[in-house]
Amino acid sequence: MGWYMNESSRSLGISKGDAEAQYLAYHEGRTGYSAQSYLGKPWLVDVAAAVGKRSEMYREQLAYCRRSRGARRLTFRRAISRGQRSRR
């Protein structure tokens with residue numbers, strides 16, 4: 001998928017972060033996407049929108065995990081600097 005998305009980004013100008021458009025380009029092919037053939041398929045537009053929403057949900061979850069992990073690291077570093085590290 002990565003190589004296809006990279007080429008779609010390069011040739012069609014679709015952002016690699018735009019899951020909805022990338023899905024449409026993959027489903028319809030680059031030529032079909034350029035011709036907007038998906039507009040005649042309302043069900044496909046709905047599916048692509050759902051893919052986009054799911055992608056955004058995953059992006060938010062990942063951002064939360066990264067923030068949460070960073071907070072844990074900071075707390076751990078503070079504990080070490082105060083000599084409070086638990087010994088196992």
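Colleague: To start with charges, how many salt bridges does the structure hold?

Modeller: Keep in mind that this is a predicted model. Side chains of opposite charge can pair when their charged atoms come close. One such case is arginine 59 with glutamate 56. In total, the number of salt bridges is 3.

Colleague: Which residue forms a salt bridge with arginine 10?

Modeller: Helix 1 covers residues 2–12, and the two partners sit 3 residues apart in that helix, which means about one helical turn between them. The closest N and O atoms are 2.5 Å apart, and the partner is glutamate 7.

Colleague: How many residues apart in sequence are the parts that lysine 41 and glutamate 28 tie together?

Modeller: The closest N and O atoms of lysine 41 and glutamate 28 are 2.9 Å apart, and the two form a salt bridge. Lysine 41 belongs to the loop between helix 2 (19–34) and helix 3 (42–81), whereas glutamate 28 belongs to helix 2, so the parts tied together are 13 residues apart.

Colleague: In that pair, is glutamate 28 buried or exposed?

Modeller: Lysine 41 has a relative accessible area of 27%, which makes it partly exposed. For glutamate 28 the relative accessible area is 14%. Buried means under 20%, so glutamate 28 is buried.

Colleague: In which helix do arginine 59 and glutamate 56 both lie?

Modeller: Their side chains meet in a salt bridge at 3.1 Å, N to O. Arginine 59 is partly exposed at 41% relative accessibility, and glutamate 56 is partly exposed too, at 34%. The two residues are 3 apart, about one turn of the helix, and both lie in helix 3.

Colleague: Which element has the highest mean pLDDT?

Modeller: For the protein, the mean pLDDT is 88, with 80% of the residues at 70 or more. Helix 3 has the lowest mean among the elements, 85. The highest mean, 98, belongs to helix 2.

Colleague: Let's turn to the rings. How many aromatic pairs are there?

Modeller: A pair of aromatic rings is described by the distance of the centres and the angle of the planes. Rings count as paired if their centres lie within 6.5 Å. By this rule the number of aromatic pairs is 3.

Colleague: What is the geometry of the pair formed by tryptophan 3 and tyrosine 4?

Modeller: Tryptophan 3 is exposed at 65% relative accessible area, whereas tyrosine 4 is buried at 12%. Their ring centres are 5.6 Å apart and the planes stand at 75 degrees, so the pair is edge-to-face.

Colleague: And how are tyrosine 33 and tyrosine 38 arranged?

Modeller: Both tyrosine 33 and tyrosine 38 are buried. Their rings are 5.5 Å apart, centre to centre, with 25 degrees between the planes. Planes under 30 degrees apart count as stacked, so this aromatic pair is stacked.

Colleague: Which residue lies over the face of tyrosine 4?

Modeller: Tyrosine 4 is part of a cluster in which ring pairs link Trp3, Tyr4 and Tyr26. Over the face of tyrosine 4, at 4.0 Å from the ring centre, lies arginine 30.

Colleague: What is the relative accessibility of serine 8?

Modeller: Serine 8 has its place in helix 1. Leaving aside neighbours within four places in sequence, serine 8 is in contact with Gly13, Ile14, Gln22, Ala25 and Arg30. Serine 8 counts as buried, with a relative accessibility of 0%.

Colleague: Near what value is phi of glutamine 36?

Modeller: Glutamine 36 lies in the loop between helix 2 and helix 3, and is partly exposed at 43% relative accessible area. Most residues other than glycine have a negative phi. In glutamine 36, phi is positive, near 60 degrees.

Colleague: Finally, what pattern does the protein follow along the sequence?

Modeller: The secondary structure comes to 3 helices and 0 strands. Of the 88 residues, 19% count as buried. Read along the sequence, the pattern is α-α-α.

Conventions: Residues are numbered from 1 along each chain as its sequence is written. Side-chain values use heavy atoms; hydrogens and water are left out. A salt bridge is a side-chain nitrogen of Lys or Arg within 4 Å of a carboxyl oxygen of Asp or Glu. Helices (H or I, at least four residues) and strands (E, at least two) are DSSP runs, numbered from the N terminus. Buried means under 20% relative accessible area, exposed over 50%, partly exposed in between (1.4 Å probe, protein chains only). pLDDT is the predictor's confidence in each residue, from 0 to 100. Rings of Phe, Tyr and Trp (its six-membered ring) pair if their centres lie within 6.5 Å; planes under 30 degrees apart count as stacked, over 60 as edge-to-face and the rest as tilted. A charge sits over a ring if NZ of Lys or CZ of Arg is within 6 Å of the ring centre and within 35 degrees of the ring normal. Contact means heavy atoms within 4.5 Å.
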